[in-house]
Amino acid sequence: MATKGKGRPRRSRRRTGSKAVAASGIIAALTALAVFALVLGIYARHNSLLPYLAGVYAVPSVLVFGLYGWDKRVAVRGGSRTSEQSLHLLALAGGWPGAMLARSLFRHKTRKQPFTGIFWCTVLFNVGTVSVLLGEVG
């Protein structure tokens with residue numbers, strides 16, 4: 001073990017199992033998105049609202065995915081960051097699938113508890129709203 005001045009052991013920077021944790025997070029995000037897409041697909045034959053919903057989720061998701069990637073890059077390098085409020089509002093506006101995948105892929109905003117709790121509230125709100133819309137229109 002290497003030492004750091006005055007014979008004290010140097011703390012290792014390597015995280016054990018971090019790749020496995022990241023992979024499981026990505027798998028969980030992809031699974032959740034696949035389930036959501038499957039449920040929408042089931043209603044596709046019986047609902048005229050679905051093509052609009054697909055666009056409402058696809059466009060913001062791509063934008064939010066890119067924004068999370070950019071924010072992670074800025075966080076590592078230092079610079080002007082995207083506010084958490086903006087990230088939450090964009091997730092609430094339909095970008096939560098992209099945010100969910102980006103959080104797992106970039107390992108960004110995954111540990112901060114207030115952020116995570118609010119993020120899951122945006123997901124639940126979106127899923128609930130879609131459920132109500134599909135139930136009323138279908």
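Tutor: A term is needed before the count: helices (H or I, at least four residues) and strands (E, at least two) are DSSP runs, numbered from the N terminus. Please also keep in mind that this is a predicted model.

Student: Understood. How many helices and strands does the protein have?
Tutor: There are four helices and two strands.

Student: In what pattern do they follow along the sequence?
Tutor: Reading along the sequence gives β-β-α-α-α-α.

Student: And what share of the residues counts as buried?
Tutor: The protein has 138 residues, and 30% of them count as buried.

Student: What part of the contacts comes from residues 24 or more positions apart?
Tutor: Such pairs account for 71% of the contacts that have a separation of 6 or more.

Student: Let us turn to H2. What should its span be, and what does the model give?
Tutor: H2 has 28 residues, so at 1.5 Å a residue the helix should span 40 Å. Its end C-alpha atoms are 41 Å apart, which agrees.

Student: Which residues of H2 are buried?
Tutor: The buried residues of H2 are Leu 50, Leu 53, Tyr 57, Pro 60, Ser 61, Val 64, Tyr 68, Gly 69, Asp 71 and Val 74.

Student: What follows H2?
Tutor: Gly 78 comes after H2, and its phi is positive, near 90°.

Student: Back to that list. Why does Asp 71 count as buried?
Tutor: Asp 71 counts as buried because its relative accessible area is 0%, and buried means under 20%. Asp 71 belongs to helix H2, which covers residues 50-77.

Student: Which residues does Asp 71 touch?
Tutor: Not counting residues up to four places away in sequence, Asp 71 touches Arg 81, Thr 82, Leu 87, His 108 and Lys 109. For Leu 87, the separation is 16 residues in sequence and 9.8 Å in space, C-alpha to C-alpha.

Student: How many salt bridges does a search of the whole structure find?
Tutor: The search finds one salt bridge. It joins Asp 71 and Arg 81, with the closest N and O atoms 3.0 Å apart. The pair links distant parts of the chain, since Asp 71 is in helix H2 while Arg 81 is in the loop between H2 and H3, 10 residues apart.

Student: How far apart are Arg 81 and Asp 71 in space, C-alpha to C-alpha?
Tutor: Their C-alpha atoms are 5.9 Å apart. The two side chains also make a polar contact, at 3.0 Å.

Student: Is Arg 81 buried, partly exposed or exposed?
Tutor: Arg 81 is partly exposed, because its relative accessible area is 38%, and that class runs between under 20% for buried and over 50% for exposed.

Student: Which residues does Arg 81 touch?
Tutor: Leaving out residues up to four places away in sequence, Arg 81 touches Asp 71, Val 74, Ala 75, His 108 and Lys 109. His 108 and Lys 109 are also among the residues that Asp 71 touches.

Student: A change of topic: what about Ser 61? Is it buried or exposed?
Tutor: Ser 61 is buried, with a relative accessible area of 9%. Its place is in helix H2.

Student: With which residues is Ser 61 in contact?
Tutor: Setting aside neighbours within four places in sequence, Ser 61 is in contact with Gly 94, Gly 95, Pro 97 and Gly 98.

Student: Now Leu 101, please. Where is its place?
Tutor: Leu 101 is in helix H3. Leu 101 is partly exposed, with a relative accessible area of 23%.

Student: Which residues are in contact with Leu 101?
Tutor: Apart from neighbours within four places in sequence, Leu 101 is in contact with Ala 29, Leu 30, Leu 33 and Phe 65. Leu 101 and Ala 29 are 72 residues apart along the chain, yet their C-alpha atoms are separated by 5.5 Å.

Student: One last point. Which residues form a nonpolar patch on the surface?
Tutor: Leu 89, Leu 92 and Phe 125 form that patch, and together they have about 290 Å² of accessible area. Leu 89 is found in helix H3, which covers residues 84-106.

Definitions and conventions: Residues numbered from 1 in each chain as written. Predicted model: local features only at pLDDT ≥ 70, side-chain atom pairs only at ≥ 80, totals over all residues. Heavy atoms only, no water. Patch = residues over 30% accessible without salt bridge, like charges linked within 9 Å, V, L, I, M, F, W, Y side chains within 5 Å. Areas by Shrake-Rupley, 256 points an atom, 1.4 Å probe, with all protein chains shown as cover. Salt bridge = Lys/Arg side-chain N within 4 Å of Asp/Glu carboxyl O. Contact = heavy atoms within 4.5 Å. Expected span 1.5 Å × (residues − 1). Buried < 20%, exposed > 50% of the residue type's maximum accessible area, 1.4 Å probe, protein only. Polar contact = N/O pair within 3.5 Å; in protein donor to acceptor, adjacent residues only side chain to side chain.
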